[in-house]
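Keep the structure open beside you and try each task before reading its solution.

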Amino acid sequence: MRFGVRLLTVATATVATGVLLVGCSSTPAEKLEDWWSSGGDDRVKALSDSSSQVNTASMQVMDDKRTACQELLAAVAKAKKYGTPPSEKAKGFWAEALTDFEHGSNACVAGVDQKDEPQTNEGIREVQRAIGILASAVSMIRSDLEAK
């Protein structure tokens with residue numbers, strides 16, 4: 001009798017595994033919704049808030065610029081770690097925004113450290129340009145989510 005129970009358990013586990021594997025496939029829209037609701041929206045908000053702080057800091061003293069740029073670098077690192085949105089339309093803009101945010105913030109911090117105001121300001125301008133690129137990525141993500 002034990003043999004029959006063990007055989008039934010193995011068979012049930014095999015069928016359950018097969019159902020899980022087949023049942024876990026999802027559409028691109030579902031993957032995007034999962035990405036968004038599991039933290040993508042938080043990454044977008046952090047990038048938006050941090051880049052806005054850099055924009056505001058552009059009119060402030062050098063130390064404020066450094067702090068804002070460092071915060072944006074931290075938001076970029078978290079966004080990179082979280083991953084690219086599974087949206088064919090948005091992923092290029094997302095990658096470009098992260099690259100520009102990172103490059104501009106690094107230039108900003110380096111400029112502050114070297115007391116090089118033109119370099120600092122050029123880094124900030126790059127961040128400001130990337131705000132529009134992020135907005136394009138988010139617009140495409142939202143469009144894909146609404147089309148679902």
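A helix here is a DSSP run of H or I with at least four residues, and helices are numbered from the N terminus. The model you are looking at is a predicted one.

**Exercise 1.** Find Ser51 and work out whether Ser51 counts as buried or exposed.

*Solution.* 
- Step 1: Locate the residue. Ser51 sits in helix H2, which covers residues 28–57.
- Step 2: Apply the cut-off. Buried means under 20% relative accessible area. Ser51 has a relative accessibility of 2%, so Ser51 counts as buried.
- Step 3: Look at the polar side chain. It reaches the backbone oxygen of Leu47 at 2.8 Å, and a polar atom of the Ser51 side chain lies 3.1 Å from the backbone oxygen of Ser48.
- Step 4: Look further along the chain. Leaving aside neighbours within four places in sequence, Ser51 is in contact with Leu72, Phe101, Val127 and Ile131.

**Exercise 2.** Check the length of helix H3, then decide where its buried residues lie around the axis.

*Solution.* 
- Step 1: H3 runs over residues 62–82, which is 21 residues. At 1.5 Å a residue the helix should span 30 Å, and its end C-alpha atoms are 30 Å apart, so the two agree.
- Step 2: List the buried residues of H3: Lys65, Ala68, Cys69, Leu72, Ala75, Val76 and Ala79.
- Step 3: Seen down the axis of H3, the buried residues fall within an arc of 120°, so they line one face of the helix.
- Step 4: Turn to the face of H3 away from the buried side, where you find the exposed residues Lys78 and Lys81.
- Step 5: Ask what covers the buried residues of H3. The cover includes H2, helix H4 (91–113) and helix H5 (117–147).

**Exercise 3.** Describe the aromatic pairs that involve Trp35 and Trp36, and Trp35 and Tyr82.

*Solution.* 
- Step 1: A search of the whole structure finds three aromatic pairs.
- Step 2: The rings of Trp35 and Trp36 have centres 6.4 Å apart and planes at 35°, so this pair is tilted. Both Trp35 and Trp36 are buried.
- Step 3: Trp35 and Tyr82 form a tilted pair too, with 5.5 Å from centre to centre and 55° between the planes. Trp35 lies in helix H2 and Tyr82 in helix H3, so this pair ties together parts that are 47 residues apart in sequence.

Notes: Residues are numbered from 1 along each chain as its sequence is written. This is a predicted model: local features need pLDDT of at least 70, side-chain atom pairs count only at pLDDT 80 or more; totals for chains, interfaces and linings use all residues. Side-chain values use heavy atoms; hydrogens and water are left out. Helices (H or I, at least four residues) and strands (E, at least two) are DSSP runs, numbered from the N terminus. Buried means under 20% relative accessible area, exposed over 50%, partly exposed in between (1.4 Å probe, protein chains only). A polar contact is a pair of N or O atoms within 3.5 Å; within protein, one must be able to donate a hydrogen and the other to accept it, and residues adjacent in sequence count only if both atoms are side-chain atoms. Contact means heavy atoms within 4.5 Å. The expected span of a helix is 1.5 Å times one less than its number of residues. The arc is that of the directions from the helix axis to the C-beta atoms. Rings of Phe, Tyr and Trp (its six-membered ring) pair if their centres lie within 6.5 Å; planes under 30 degrees apart count as stacked, over 60 as edge-to-face and the rest as tilted.
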